[in-house]
Amino acid sequence: MLHKGVSSEMKKWYVGVLVASLFMLVILLRYGITKYPVSENYLTSSFAPNKTKPLEWINSGAPPAVQNPENGSQVVPADTIISALFAQRNLSNEGKQTLQTWNHLKHLIENAHVLPNAIKATKEAGHAWNDLMASVEAERLAYGNESFHRKGKEKQCPHFLSEMNATGLDNSGFKLQVPCGLTQGSSITVIGIPSGLLGNFRIDLTGELLPGESDPPIILHYNVRLHGDKITDGPVIVQNTWTAAHDWGEEERCPSPDPKKIKKVDELEQCNKMVGKDDNRVLAVGTHSNDSRKFVSDGSKTKTYFPFKQGYLSVATLRVGTEGIQMTVDGKHITSFTVRESLEPWLVSEVRISGDIKLISVVASGLPTSEDTDHIIDLDALISPPLPYRKPLDLFVGVFSTANNFKRRMAVRRTWMQYPAVRSGAVVVRFFVGLHRNQMVNDELWNEAQTYHDIQLMPFVDYYSLITWKTLAICIFGTEVVSPKFVMKTDDDSFVRVDEVLASLNRINVIHGLLYGLINSDSQPHRNPDSKWYITNEEWADAKYPPFAHGPGYVVSSDIAKAVCKKHKKGRLKMFKLEDVAMGMWIADVQKGGLKVRYEKDERIFNEGCKDGYVVAHYQGPREMLCLWQKLNEGKRAKCCGE
């Protein structure tokens, strides 16, 4: 369960964005780009009212995306799609090892209506799984064919994409394909000059087209209206989402009509309070009086400004954070947008830009990509050891990860999975990963799983609302596949001091009925519909939750894991979308059956960030992971990196 907080990586980001923005500005300004004339190719459809077809601007002059009755319009029954997930496949031993919890989740999926997006996720997984298995079979048949091998390498997810001189903005708009989605730290930078008659333009991050739908979902709609709209006569930025099923969501406007209600996303304001209609009263020396992006303070009152202006160059960056997407313009934070349910950054497949803007370049960086195993020197040291045959384990660790988080998994393999206890097989670590809607990501994920032998695939597409299914899968693996004394759950952005976890469990000296972690005994359900963790009375009616341990890292004794699996088999396990709270509920239910439970709190397990002396540090990116590991090896002390 994620909680509000910001990593040191996020804090450092401002400096990086400012430096990068200034660098790009210097390069562009050396060509004498200061102001562009009004564009003759003004697009009248630069923005659309909420209830119009959202992609008219991208489809004008072109046929609808789904026209062929022989493919897109065919509707395959959901039962047929889902049954394909569990059909017998001709897989290698390595492939079968990747699916050791797969069939155990079949009955859970039959009751998929319990959790949000569950039915959707399993239907999408059915399509993705068929495509993946077809790809695996094609590669098997073509094994040894050099041209096929070379083609496979060319398909690898790119880390960086750019389109320079992106001036080809026509009636269909500008499009940049993002083949493997976005992940935390990914960014889209747009360099251009608002132009034309009005200077209105929009940036849309869209997902893949779903079967039977003519328009893809919009994960983020970023609409800049320099001369206002029906609601305001001043310049405004409107953010929103769109899906075929639910139409437009609730608009978020900057400047906000109610500044007192501005939320924070990743500890950044939803709308910078300085954004507004330029009052042109106090200007910096040497600036033009009509440049609304220049502003200073006279010491008594903050001046308003708007980050975009007709005829002036802007460097705008959308960056994916922990909770949402932030926009900076010329190095200054402008807006934040909370990721909405089922519209997550990993779904983004294309950047679309339209309207009155003279594009200079569009750059996508920090994109998720796996490492080329042909160039990894220490590959053998990263491959997970075989499971010990009929040998009890000290600890099994299940790690939540999503399909395109390749870099995070590699950072875990290179750091705390190198503890002697893990390398010797006394501790087993596995990543629990759902399928992706993109075939290239699934191909990369499958190859990664066959290479490192440490991934357990889940028979559903990886929406955040389904993480509780992964918690169950971890208990299943820790009960049906291996026989550990303890089962641990953690995340791929958590650094786990395996040696200290084992030492703590030895000191506690309790092997039955144990929950060890950062225990919360006084947590209440979020009843605010705007909260990411909003819980209705139907989902949980009580005023408080049972005691639970926060998600970045907690341990249960094997008897608790077995009790959870037993209730699942009987169809009596309550599903709840907050996975750490769900475990607390399951344990409370087990207590009613007579099991005595010991709640062991360890405040060295940090839910947000890192502090010296940590046992588990959360929100650690790949660089922080490597830094923490280096510090441990150099000084044998748990010292944090960065600030």
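Is Cys627 buried, partly exposed or exposed? Cys627 is partly exposed, with a relative accessible area of 25%; buried means under 20%, exposed over 50% and partly exposed in between, with a 1.4 Å probe and protein chains only.

1. Basis of the note. This is a predicted model, in which local features need pLDDT of at least 70 and side-chain atom pairs count only at pLDDT 80 or more, while totals for chains, interfaces and linings use all residues. Residues are numbered from 1 along each chain as its sequence is written, and side-chain values use heavy atoms, with hydrogens and water left out.

2. Disulfides in the whole structure. A search finds four disulfides, each a pair of cysteine sulfur atoms within 2.5 Å. With the bonded cysteines numbered in sequence order, the pairing reads 1-2, 3-4, 5-7, 6-8.

3. Cys627 and Cys641. These two cysteines are joined by a disulfide, S to S 2.0 Å, and the link is left-handed, with -105 degrees about the S-S bond. Cys627 lies in helix α16 and Cys641 in the segment after α16, so the bond ties together parts 14 residues apart in sequence. Helices (H or I, at least four residues) and strands (E, at least two) are DSSP runs, numbered from the N terminus. Cys641 is buried, at a relative accessible area of 9%.

4. Cys610 and Cys640. The sulfur atoms of this disulfide are 2.0 Å apart. The torsion about the S-S bond is about -85 degrees, so the disulfide is left-handed. Cys610 is in the loop between β25 (598–601) and β26 (616–617), and Cys640 is in the segment after α16 (622–635), 30 residues apart. Cys610 is partly exposed at 22%, whereas Cys640 counts as buried at 16%.

5. Cys157 and Cys180. A disulfide joins this pair, S to S 2.0 Å, and is left-handed, with -80 degrees about the S-S bond. Cys157 sits in the loop between α7 (146–154) and β1 (161–164), and Cys180 in the loop between β2 (174–177) and β3 (187–194). Cys157 is buried at 3% relative accessibility, and Cys180 is buried with a relative accessible area of 3%.

6. Helices α12 and α14. The axes of α12 (residues 467–481) and α14 (residues 558–569) come within 9 Å and cross at roughly 110 degrees. The helices are therefore roughly perpendicular, a term for angles of 65 to 115 degrees. Residues in contact (heavy atoms within 4.5 Å) include Cys475 in α12 and Cys565 in α14.

7. Cys475 is buried at 2% relative accessibility, and Cys565 is buried at 3%.

How values were computed: Axes fitted to C-alpha atoms, helices over the stretch in contact; angles between N-to-C directions. Parallel < 35°, antiparallel > 145°, perpendicular 65-115°, else oblique.
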